[in-house]
Amino acid sequence: MDDYAFPAAQRIINDIALAFKRDPQLKEFQTLLVTLNENRSPVHHEDHSLGLESWCVPHVYCYAYNLLMDIRQQKRKREDAEHINQLLLGALLLNPDVTVFWNMRRELTSLDPQFELHFTSVVLTRKPKSGEVFNYRKWLIKKMLDAFPSNPGLVTSEVHVCQMAADLYSNNYYAWNHRIWCLNQLPQDSGSYISFLIDEWMQTHQWVSVHVSDHSGFQYRQHLLDRFVKLPPSGFSTVRKCTVDIEQNSAWSLQMFLSPSESKQDSHLTESTKSILYEALDKKCEKLDSIPLGIVLSELFFNTDLVLVYPGHEAIWYHRRFIVHVFRECVYNLESGGGQRNCHKDNNGVSLEKTKKVENIEDSLLQRLVKFETVLYSKCRADKDRQASYAEKHRAWLASIMKINLNLPLR
């Protein structure tokens, strides 16, 4: 059949465009499994949802595709922008992975950026793992930020779109990478950046708790954790102003890790825990900020719970490797209060001899880590199948990469 001559194609495309125009709250689009033409409109629009019967999808798409390619190749020179806009709406809803169509959309100067964000969010409900859609949204946001640079809400609101796409498609690295890109658009010395960091940390904590096999979600959380431990002292002051939960959890995790028998669930370090730190640190670190190391330890406790509650999930174990790596870096950075990395090297990168106090604090924390990992390993080795295998791989990784040997009884 000649799809140029498909009589209903243009009318169907017009109905789709009209649905977007009439319903600014349109939230999703799907094709409906209907194989026969019942001689009525195949476009269904109810409850802010748009559907297109599947029997007409190839005909409508081929009609729009052929016309648009003719326009692109300048075989049709008298098409107005509104008609091109409608053809692109129909074609991109059905197949958003055609780069040339998004480029044609970029060339339409009369488009409303807010409508474009709405339209692409609807496209993602059917194709949540479309890299072309996220690339187009990046282009839109950059263009809008150039016009209104002091609009951080434009970036932070993207989280909802990323969340929706991640919920619809597991391990959706396009959605999570777009979320990382949004994080990078905020100036790191701004309060909005700290606030966004905190909100994301709290939200993803709940999300990964119920998506324990999603590597991409854990990877994003690793980016957040790395950003937290790299914050300057002024950044942690802002954290305190924004929320008390993170500070309380950090303090509790630190004291629980160092002195589990004496720890209580309150927001202050116990005197015994403080003494362990103060004996190993110079007096200038008397007001040691517990947040960087405490955040890492709170994530370690959280990961331990996930390992034990959801046995046999590889993503959780890989995430644990990252936590252990960051923990050791934080330990090595304690001399400068969590500041610069490689703080035991001079300007030429040559290692300096560590003070006895620094060695003591490093030894104390690393010994506690060895005990912590040994207990977990022993519990998981008693399990069957994959959990025991992942525990053994984790032990081997600790020994070969991190040079950390667990205190295991001789067999």
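Predicted model: local features only at pLDDT ≥ 70, side-chain atom pairs only at ≥ 80, totals over all residues.
Local features were taken where pLDDT is at least 70 and side-chain atom pairs at pLDDT 80 or more, whereas totals for chains, interfaces and linings use all residues. Residues are numbered from 1 along each chain as its sequence is written, and side-chain values use heavy atoms, with hydrogens and water left out.

The chain contains 18 helices and three strands; these are DSSP runs numbered from the N terminus, with helices being H or I of at least four residues and strands being E of at least two. Of its 411 residues, 49% are buried, where buried denotes under 20% relative accessible area, exposed over 50%, and partly exposed the range in between, for a 1.4 Å probe and protein chains only. Among contacts (heavy atoms within 4.5 Å) between residues at least 6 apart in sequence, 63% join residues at least 24 apart.

The largest nonpolar core comprises 118 residues. Such a core is a set of buried Ala, Val, Leu, Ile, Met, Phe, Trp, Tyr and Cys residues joined through side-chain atoms within 4.5 Å. The residues with the most contacts inside this core are I12, L50, L52, L93, F101, F257 and F327. Helix 15 (residues 291-309) supplies the largest share of the core, ten residues. When neighbours within four places in sequence are set aside, L50 is in contact with I16, A19, F20, L26, E28, F29, Q30, V43, H44, H45 and L93.

Helix 3 (residues 81-94) and helix 4 (residues 99-106) pack at an angle of about 145°, and their axes are 10 Å apart. The contact involves I84, N85, L88, L89, A91 and L92 of helix 3, together with F101, W102, M104 and R105 of helix 4. Axes are lines fitted to C-alpha atoms, for helices over the stretch in contact, and angles run from 0 to 180 degrees between N-to-C directions. The crossing of helix 3 and helix 4 is left-handed; this term applies if the near helix is turned anticlockwise from the far one by less than a right angle, and right-handed applies if clockwise.

Helix 5 (residues 113-126) has 14 residues and spans 21 Å from its first C-alpha to its last, close to the 20 Å expected at 1.5 Å a residue. The expected span is 1.5 Å times one less than the number of residues. Helix 5 is mostly covered, with ten of its 14 residues buried. The buried residues are E116, L117, H118, F119, T120, S121, V122, V123, L124 and T125.

Helix 11 (residues 215-229) has 15 residues and reaches 21 Å between its first and last C-alpha, close to the expected 21 Å. Because twelve of the 15 residues of helix 11 are buried, this helix is largely enclosed by the rest of the structure. The buried positions include S216, G217, F218, Y220, R221 and Q222. The N-terminal end of helix 11 is capped by D214, which has a side-chain oxygen 3.1 Å from the backbone nitrogen of S216.

E373 is buried at 2% relative accessibility, and T374 is buried at 10%. The side chain of E373 makes a polar contact with the side chain of R320 (2.6 Å). A polar contact is a pair of N or O atoms within 3.5 Å; within protein, one must be able to donate a hydrogen and the other to accept it, and residues adjacent in sequence count only if both atoms are side-chain atoms. Leaving aside neighbours within four places in sequence, E373 is in contact with L300, R320, V324, H394, L398 and L406. With that exclusion, the contacts of T374 are L406, N407 and L408.

Most residues other than glycine have a negative phi. H48, which is not a glycine, has a positive phi of about 60°. H48 occupies the loop between strand 2 (43-46) and strand 3 (49-53) and is partly exposed, with a relative accessible area of 32%. N171, also not a glycine, has a positive phi of about 50°. N171 lies in the loop between helix 8 (158-168) and helix 9 (173-185) and is partly exposed at 27% relative accessible area.

E46 is placed in strand 2 and is exposed, with a relative accessible area of 58%. The C-alpha atoms of E46 and L26 are 9.3 Å apart, with the two residues separated by 20 residues along the chain.
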